[in-house]
Amino acid sequence: MNVRTMAKAAVAAACLAAGSIPAQADILLTALTSQAQTWTGSDVKPVFLTNAANTALQFTNPTTGLVTVTYTAECRLIGNLSSYIHLTIFIDNSAVLPSGPDAAFCSGRGAGIGGGWAHQSITVSRNLAAGAHGVKIIAQVSGAHTGARLDHTTLLVVR
């Protein structure tokens, strides 16, 4: 599947997930990665948004208005049932709700139990002025675990 086809599929998925995005969304930014990002501790990590390990990207909003960011990733956590990976999406260095420490992206299935591979998605929106803006995502694992992984990701910014 080429990048253009993947981007079109991501737009379609974002429109379905968000429900409020017009059918003719303007794509402001798309980024894809197949690079796995793993960790075993509870460190806060910037999320790779490209295969070149870029963790912050820029986009231009042509007119003032609502901008929607959708991040999709294959996610796996080997950890207790109460453990989870949470993501925080930042636009212009400001966290956008409902992302953050209280929003689980994927969770553990029990101590030492593998599996649980799933493609998860989170969508946030914010009104932005016309002009240049930045987007980045950080991830952290809350709770006891022995391994966490994000890969095969798509970042899509639309208006």
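1. Surroundings of Asn 61. In this predicted model, Asn 61 touches residues from several parts of the chain: beyond its neighbours within four places in sequence, its contacts are Leu 28, Val 67, Leu 128, Ala 129, Ala 130, Gly 131, His 133 and Arg 159. Asn 61 belongs to strand β4, which covers residues 56–61. With a relative accessible area of 1%, Asn 61 is buried, because the limit for that class is under 20%.

2. Confidence in the prediction. The chain has a mean pLDDT of 84, and 81% of its residues reach 70 or more. Which elements mark the two ends of the confidence range? Helix α1 (residues 3–18) has the lowest mean pLDDT, 49, while β4 has the highest, 98. Within residues 3–8 the pLDDT is below 50, and this stretch has 4 contacts in the model beyond near neighbours in sequence. Asn 61, discussed above, is in β4.

3. Overall make-up. The chain contains 1 helix and 11 strands. Read from the N terminus, the order of elements is α-β-β-β-β-β-β-β-β-β-β-β. Of the contacts in the chain with a separation of 6 or more, 78% are between residues 24 or more positions apart. The chain has 159 residues, and 43% of them count as buried. Its accessible surface comes to about 7700 Å², and carbon and sulfur atoms account for 54% of that area.

4. In soluble globular proteins, nonpolar side chains tend to be buried together. Here the largest nonpolar core has 32 residues, and those with the most contacts inside it are Phe 59, Tyr 71, Ile 85, Leu 87, Leu 150 and Leu 155. The elements giving two or more residues to this core are β1, β4, β5, β6 (84–91), β8, β9 (118–128), β10 (131–142) and β11. Strand β5 gives the most, with 6 residues.

5. Leu 87 within the core. Leu 87 is one of the core residues with the most contacts inside the core. Not counting residues up to four places away in sequence, Leu 87 touches Val 47, Tyr 71, Ser 99, Gly 100, Ala 103, Phe 105, Ile 122, Ile 137, Ile 138, Ala 139 and Leu 150. Tyr 71 and Leu 150, both in that list, are also named among the core residues with the most contacts.

6. The disulfide. The structure holds 1 disulfide. It is formed by Cys 75 and Cys 106, whose sulfur atoms are 1.9 Å apart. Cys 75 lies in strand β5 (residues 65–79) and Cys 106 in strand β8 (residues 104–107), so the pair ties together parts that are 31 residues apart in sequence. Is the bond left-handed or right-handed? The torsion about the S-S bond is about -55 degrees, so the disulfide is left-handed. Both cysteines are buried.

7. Thr 33 in strand β1. Thr 33 is found in strand β1 (residues 27–33) and, at 5% relative accessibility, counts as buried. Its side chain makes a polar contact of 2.7 Å with the side chain of Asn 51 and reaches the backbone nitrogen of Gln 35 at 3.0 Å. Setting aside residues up to four places away in sequence, Thr 33 touches Phe 48, Leu 49, Thr 50, Asn 51, His 152 and Thr 153. Thr 33 and Leu 49 are 16 residues apart along the chain, and their C-alpha atoms are separated by 6.3 Å.

8. Two further buried threonines. Thr 70 lies in strand β5 and counts as buried at 6% relative accessibility. A polar contact of 3.0 Å joins its side chain to that of Thr 123. Thr 154 is placed in strand β11 (residues 145–158); at 15% relative accessibility, Thr 154 counts as buried, because the limit is under 20%. The C-alpha atoms of Thr 154 and Ala 73 are separated by 6.6 Å, although these residues are 81 apart along the chain.

Notes. Residues numbered from 1 in each chain as written. Predicted model: local features only at pLDDT ≥ 70, side-chain atom pairs only at ≥ 80, totals over all residues. Heavy atoms only, no water. Helix = DSSP H or I, 4+ residues; strand = E, 2+ residues; numbered from the N terminus. Buried < 20%, exposed > 50% of the residue type's maximum accessible area, 1.4 Å probe, protein only. Contact = heavy atoms within 4.5 Å. Disulfide = S-S within 2.5 Å. Polar contact = N/O pair within 3.5 Å; in protein donor to acceptor, adjacent residues only side chain to side chain. pLDDT = per-residue confidence, 0-100. Areas by Shrake-Rupley, 256 points an atom, 1.4 Å probe, with all protein chains shown as cover. Core = buried A, V, L, I, M, F, W, Y, C linked by side-chain atoms within 4.5 Å.
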